Every structure is written in structure tokens, then in C-alpha cells.
Amino acid sequence: MKVTTGIRQIIEDWHTKGVSTEETAQSLRIPIDEVKAIILQAHPAPPQPKRPEFLEPHLPALEEPANIWDNRKES
């Protein structure tokens, strides 16, 4: 079905006012799939943000074991 620019404008206006797609389709006698397609063309979804890459921190390698002293006294 060919939809004129006037009908497209009505669909967009009704969508911004909160009219459901089902009600719009019934009122204008247009298939609901076409109403949804017109709304998606007029108001595309925002792009999803990219997930940040996890960068592993660079830690210096321990070449020698740390000098840990045993503070306990022998009995």
C-alpha cells in the first residue's frame, strides 16, 4: 500500500503524542507492519555503545621472591 507524505506525518505526530501503533493502524486503515516501519524510519533506534575493551594492567614481573621475614619466636 502506498502511503502519502501526509499520512506519514500523521503517523509520526500520533507516535510522538503516544498513540499506539495498533490504534494508528486501525484509524488510518493501514497494516500495522507498515505503521511500525514508518515509525522506525522516522525515529531510528540510537546506536548501542561499544563495550570497552578490558586492558590488563602491566605489572612488573618479580624476579626474586620478596624478602619476607618470619617474626615468630621459637619456643
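## The model and its confidence

What you have here is a predicted model. The protein chain averages a pLDDT of 83, and 81% of the residues score at least 70. Looking at the helices, confidence is highest in helix 2, at a mean of 94, and lowest in helix 3, at 92.

## Overall fold

The protein chain contains three helices and zero strands, so its elements run α-α-α from the N terminus on. Of the 75 residues in the protein chain, 12% are buried. Among contacts between residues at least 6 apart in sequence, 49% join residues at least 24 apart.

## Helix 1

Helix 1 covers residues 5-17. After helix 1 comes Gly 18, which has a positive phi near 100 degrees.

## Helix 2 and its buried face

Helix 2 takes in residues 21-28, and its buried residues are Thr 21, Thr 24 and Ala 25. Viewed down the axis of helix 2, these buried residues fall within an arc of 95 degrees, so they line one face of the helix. They pack against helix 1 and helix 3, the latter being residues 32-42. Just after helix 2, Arg 29 also has a positive phi, of about 55 degrees.

## A closer look at Thr 24

Thr 24 sits in helix 2. With a relative accessible area of 2%, Thr 24 counts as buried because the cut-off is under 20%. Its side chain reaches the backbone oxygen of Ser 20 at 2.9 Å. Beyond its neighbours within four places in sequence, Thr 24 is in contact with Ile 11, Trp 14, Val 19 and Val 35.

## The nonpolar core

Seven residues form the largest nonpolar core: Val 3, Ile 11, Ala 25, Ile 30, Val 35, Ile 38 and Ile 39. Helix 3 gives the largest share of this core, with three residues.

Leaving aside its neighbours within four places in sequence, Val 35 is in contact with Ile 11, Thr 21, Thr 24, Ala 25 and Ile 30.

Methods: Residues are numbered from 1 along each chain as its sequence is written. This is a predicted model: local features need pLDDT of at least 70, side-chain atom pairs count only at pLDDT 80 or more; totals for chains, interfaces and linings use all residues. Side-chain values use heavy atoms; hydrogens and water are left out. Helices (H or I, at least four residues) and strands (E, at least two) are DSSP runs, numbered from the N terminus. The expected span of a helix is 1.5 Å times one less than its number of residues. Buried means under 20% relative accessible area, exposed over 50%, partly exposed in between (1.4 Å probe, protein chains only). The arc is that of the directions from the helix axis to the C-beta atoms. Contact means heavy atoms within 4.5 Å. A polar contact is a pair of N or O atoms within 3.5 Å; within protein, one must be able to donate a hydrogen and the other to accept it, and residues adjacent in sequence count only if both atoms are side-chain atoms. A nonpolar core is a set of buried Ala, Val, Leu, Ile, Met, Phe, Trp, Tyr and Cys residues joined through side-chain atoms within 4.5 Å. pLDDT is the predictor's confidence in each residue, from 0 to 100.
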